[in-house]
Amino acid sequence: MNQSKLSDSKWTSSKYTQPWSTGSSVNNSYSHQSKSTNSFGSSCSTHSNIKSWNEIKEDKEKVSYGYDKILETLNSIITGFNSLNIANPKLVQQRRVLVDKLTLHLNDIKSEKDEAMLSNKWDKLNIGFFGETNAGKSTIIESLRILLNESSREAKRKRLGSCDGDIVGDGRQDFTQTYHEYEMSVNGQKFVLIDVPGIEGKENLFRGKIGEALRKAHLIFYVNGHNKNIDRGTAVKVKEYMGEGVQIVVLQNVRGNVDQYEYPENRRTLLTSSTNTVLRALEKDFRSLVGNKFSQAIPVMGFLAMCAYGDFSPSRNDLRKKQSMLLEMFGDDFSSQGQARNKIRQISNIDEVLSAITSRANNYKKEIAKANFLKMEMFSKRALNEYIAEVEAKKREFDSYRKQVERFIRENRDDADTTARLFKLDLERTTRGLINEFSESMYSLINRSDFSAISNRFVKLKDNISAKIKSKTEYYSNSLAARVKERSSRLTAIPGMISQLSIQMDVRNLGIDIAAIREADDISFGDVARTGGGIVGGAATGAAIGSIVPGIGTLIGGIIGGLVGGGSSIASSSSAQTERARTEARKSLRDFQNRLNKEIEDISRSFSRNAEDEIKKINSTASTRIREVDNFFNASTQAESKLKSTLTLIQSYGR
């Protein structure tokens, strides 16, 4: 089984069989740059006892080391995200999405590592033959089975005799409906060829089998079955299926009819100018499609290679007839059929395919390691690209959210300042109006000597002022709270936002003090002393009234008491006395207004402080949401950097 000679066949005569030459061995070894054991952030802490890269001698151990690096990085990122202190429900949801996706990648890589480390993955090279339906995959594989005396073929030949060609399509779509494995040996080294179901047919029926087969492969031979480059649709499918991250050798299976070899010039070489043109186009496109996974492009004519030594089954009479015609045509230039068969084999260029297989099978451990590093690179790129896409999409959303929160904070602050100013202006305007109204009525009542009504009106004034201060405080605080609530309702991602402000004002009783003008009160009404009650009696009466009218104070009480104490004589007092009473009343009201303005100033400052404090609490919560966003995306940037560093490391290891 370690030679190209056929055994147990009528075609064993040495005059037409010859050992195939592998040509010069392709150097497929790959060097590894010296790498230190520096970690990706904190990701290496759990594997600090792992040897440095240069200390690792076995390819299998290097692969395990590489997988561990990816797993360390993903574990570190997942742990970092889970440790973030986040209250924002949208960020919590986004973290869950990222962690779930990274966990899926982590589990995939764990599974891939477990599969890669199995012993049967390291004792032989698995080569997947893949391509379009009817591209000739099975034909090329059949020719290799014949040339290398594949074991299941030989066993079948012993039982049934002629049996070649049974695995080759007969023109029906999707002839290969599941994958088949053929174990062979070259120079004593075993390898496996996997015949994968074709694409561009009804491959949706076999998609699972295609993926399963490609996942087993350490190397893929893509068979192009047209005498032209692949089209756009096929290229898309190739890129989709070639995602398993192993190297790709492109086989250009040159197609042609048997009768084209009737002419001697067509029996000299397969490498015509048109074939070379297609090869160059394939090389260009596959480098673009799969990057560094592309290895080489080889022209081959699988049908010629199979017909060179095939012992076809009686059920494949179609192949027997074509083989007979070829032998006759190629025999024109040679003295025997054996030489014709060797010439057909030479023209088919199957030996270059065998050389590509041999060079890799002889270095199967390194080839398997290379395949695994390419898979690691693929897994790392896939995790990185999906992660970046997810973060970038959400980053735009959260950038917009961040600006909304900043505007929310700014508007709250401005609103509190504006509301405090309006509150003060409104109080000043309202109380001034109430006092003006009281003043007009008081002057009228002085003229009529209706002092009881003046007292009642002042009590009502004080009550009205207190009520207005209270109502204005409630109105402006509630309206500010309502606006904040309305703004916060647009920011559903801010939890803990209070629904209303809680601003409580200490409204003090406002009285009028006339102690400084008692003397003026005693002499203001000179005629009173002459009419019975006297000055003292009048003042005493005023003090008594002042004491039973809460909040009036001594000034108004004194005025009213003096007038009441004067009895009916006041009614006949002179206009000069009345004017003096009005003057004293104006003076006392101005004094009252000034003290009230100071009270309003204090109340307004208290309102402003309370509003500012409440807004600070709300804005503090909002600022926390901004910090959460910043922290989250800072962590996202660090995670991206870790993933990129790991990818770079894996790529350097796999060279």
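Q: Why is helix 8 (residues 302-309) described as largely enclosed by the rest of the structure?
A: In this predicted model, 8 of the 8 residues of helix 8 are buried, and helix 8 is therefore largely enclosed by the rest of the structure. A residue counts as buried when its relative accessible area is under 20%.

Q: What makes Glu 390 count as buried?
A: The relative accessibility of Glu 390 is 13%. The limit for a buried residue is under 20%, so Glu 390 counts as buried. Glu 390 belongs to helix 12. Leaving aside residues up to four places away in sequence, Glu 390 touches Gln 94, Val 97, Leu 98 and Lys 101.

Q: How do you know how helix 2 is oriented relative to helix 12?
A: The axes of helix 2 (residues 89-116) and helix 12 (residues 364-448) cross at roughly 175 degrees and come within 11 Å. Angles over 145 degrees count as roughly antiparallel, and helix 2 is therefore roughly antiparallel to helix 12.

Q: What makes strand 2 and strand 6 edge strands?
A: The 6 strands of the open sheet follow the order 2-3-1-4-5-6, and their pairing is mixed. Strand 2 (180-186) and strand 6 (294-300) each pair on one side only, and they are the edge strands. On average, neighbouring strands of this sheet are turned by 25 degrees against each other, direction ignored.

Q: How do you know that strand 2 and strand 3 pair?
A: A pair requires at least two bridges. Strand 2 is joined to strand 3 (residues 189-195) by 7 bridges, and the two run antiparallel. Met 184 is found opposite Phe 191 of strand 3.

Q: What describes the protein chain as a whole?
A: The protein chain has 17 helices and 6 strands. Of its 655 residues, 50% count as buried. The protein chain exposes about 30400 Å², of which carbon and sulfur atoms supply 47%. Among contacts with a separation of 6 or more, 82% involve residues 24 or more positions apart.

How values were computed. Residues are numbered from 1 along each chain as its sequence is written. This is a predicted model: local features need pLDDT of at least 70, side-chain atom pairs count only at pLDDT 80 or more; totals for chains, interfaces and linings use all residues. Side-chain values use heavy atoms; hydrogens and water are left out. Axes are lines fitted to C-alpha atoms, for helices over the stretch in contact, and angles run from 0 to 180 degrees between N-to-C directions. Helices (H or I, at least four residues) and strands (E, at least two) are DSSP runs, numbered from the N terminus. Angles under 35 degrees count as roughly parallel, over 145 as roughly antiparallel, 65 to 115 as roughly perpendicular and the rest as oblique. Buried means under 20% relative accessible area, exposed over 50%, partly exposed in between (1.4 Å probe, protein chains only). Contact means heavy atoms within 4.5 Å. Accessible areas come from the Shrake-Rupley method with a 1.4 Å probe; for residues, only the protein chains shown count as cover.
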